[in-house]
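Take a moment with the sequence and the model before reading on.

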Amino acid sequence: MNGLSIILVIIVAFFAGMEGILDEWQFHQPIVACTLIGLVTGNLEAGIILGGTLQLMAMGWANIGAAVAPDAALASVASAIILVKGGQGVAGVSTAIAVAIPLAVAGLFLTMICRTLAVGFVHAMDTAAKNAEFGKIEALQIGAICMQGLRIAIPAAAMCFVPAEAVSAALNSMPAWLTDGMSIGGGMVVAVGYAMVINMMANKEVWPFLFIGFAVAAISDLTLIALGILGVSMAFIYLNLAEQGGSGGSGGSGDPLGDILNDY
Amino acid sequence: MAEKIALSKNDRFSVCWRSTFLQGSWNYERMQNGGYVYAMIPAIKKLYKNKEDQVAALQRHLEFFNTQPFVASPIIGVNLALEEERANGATVEDEAIQGVKVGMMGPLAGVGDPVFWFTVRPILGALGAGLALSGNLLGPILFFVLFNAIRFGFMWYTQEFGYTAGTAITKDLSGGLLQKITKGASILGMFVLGSLIQRWVSINFVPVVSTITNAEGSYIDWEALGDMAQSGNFGQAMHDAIAQANSGMYMDPTRVTTLQDNLNSLVPGLMPLLLTFLCMWLLKKKVSPIAIILSLFVVGIIGHLIGLL
């Protein structure tokens, strides 16, 4: 990597780190972060493929309430840097992914540290609020965001300066049984993300739709878009039918007045 | 009576833009409070001119707050309406403002988490990833553009809705609309998840169950075709090979059935489905996702070493 690439990688890493906490623009999602790192280092195709593969694994990683999910930002940024430095192009994707998982855990601890340090920032805001110092509050908020950016940018910068030979030597020294086994494991790991999402959404009413989706997807001619259309249509049909048939029941609509009118 | 101080569309847009940074100072003490006050600053500056009121308003919005970041927008909208009333002399208690925030953040997070984190993002992510796996740049672009268009559209319009509806929105929460959206989103989500399990979770059992010798004449006689090609009739040999393959003849004298072939003829994707159920059960038993992920890698390596996977 030349100097310019390194600077751009660090900038991408900074954005990914910010987004890891903000969760708005989704720069930290693998499909975006890996693609950007691929782009600025001239490995666009490998970056996109790595991003797509990691994205499927990170499907259910979401910050819910105060819980912290495995860190997609560090996982995507660091594994993309390793992919680039390994110099194997698309062939290096499966090894880069194997490295991504332990990194997601490491990132999780870094996030928790930053979220604890942020307590100090809001205490300073309290003090500033007493004197109506708007600018100071704004600066503190931006400072806290930058801290989250550095959380990823600093490790990324460090990884850029580890010599490429060391990275590729480490990757080449991995025996075939290990990398093959890792990619087999990678094929199964996706299930964990799905399981997290299902646990969150499942109830008696919507379970059948999972099985319908499962059965229909075996028809390999259907694209994901076609499946999406089927899903949306079914949701609408179900909601309409539930409205027509269900509102006469024991107040299922949650609208007492409406129920009285319906019963009338 | 003095002229009413009102928040202009510009003020409201500036609040909405700032709410993009809601989680920036997320902390274990009061969570999104720093981001909330940061978003409210343009409104506070506009509405309150003397320092005492400003201090009170800043402190009011530094209280505990936490919800899904996009559904904070309708709450901010309602808050803007309440603050505007207050600045114009109406008696809006601190408790009312805090009550709206705390009362709405729970139910709205209950809608926002499944809709955005478990439906919109996974579906767009899968759509983008599907394209990205073949190295198509459209995958990441599609994900990024669609997600942010939906996100910012949602934030702006729900904030405006909250602003116009004012306190009425709190009453609407018990109404049917939000419940319908949540239910519809989970139907779509479950359907797509079912199909993703089928498509993307891969388990392949390689052990050979049976090796059957095919009957004479039911498989392609490569030697004869090879002789034909040697004798210069290469085109004819190719033609015959393809014709025979298309007519359903076997490629080899023996045919191998792996464990996976047997499972596929039963139900394709059965093992991925069972694996997903196992993961769900483990997660419910409070096993950490990271532990499950790492052990799946171990299973993959060991399974490969003993020749099962």
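At what angle do the axes of helix α9 of chain A and helix α12 of chain B cross? They cross at roughly 150° and come within 12 Å. This is a predicted model, in which local features need pLDDT of at least 70, side-chain atom pairs count only at pLDDT 80 or more, and totals for chains, interfaces and linings use all residues. Residues are numbered from 1 along each chain as its sequence is written, chains are lettered from A and ligands numbered from 1 in the order in which they are written, and side-chain values use heavy atoms, leaving out hydrogens and water.

Helices are DSSP runs of H or I with at least four residues, numbered from the N terminus. Axes are lines fitted to C-alpha atoms over the stretch in contact, and angles run from 0 to 180 degrees between N-to-C directions. Angles under 35 degrees count as roughly parallel and those over 145 as roughly antiparallel.

| Helix pair | Angle | Axes |
|---|---|---|
| α9(A), residues 207-216, and α12(B), residues 270-284 | roughly 150° | within 12 Å |
| α4(A), residues 72-86, and α6(A), residues 134-161 | about 15° | 10 Å apart |

So α9(A) and α12(B) are roughly antiparallel. Residues in contact have heavy atoms within 4.5 Å: A:Trp207, A:Leu210, A:Phe211 and A:Phe214 meet B:Leu270, B:Leu273, B:Phe277 and B:Met280.

The angle makes α4(A) roughly parallel to α6(A). Among the residues in this contact are A:Val77, A:Ile81 and A:Lys85 of α4(A), and A:Ile152, A:Met159 and A:Phe161 of α6(A).

Conventions: Helix = DSSP H or I, 4+ residues; strand = E, 2+ residues; numbered from the N terminus. Parallel < 35°, antiparallel > 145°, perpendicular 65-115°, else oblique.
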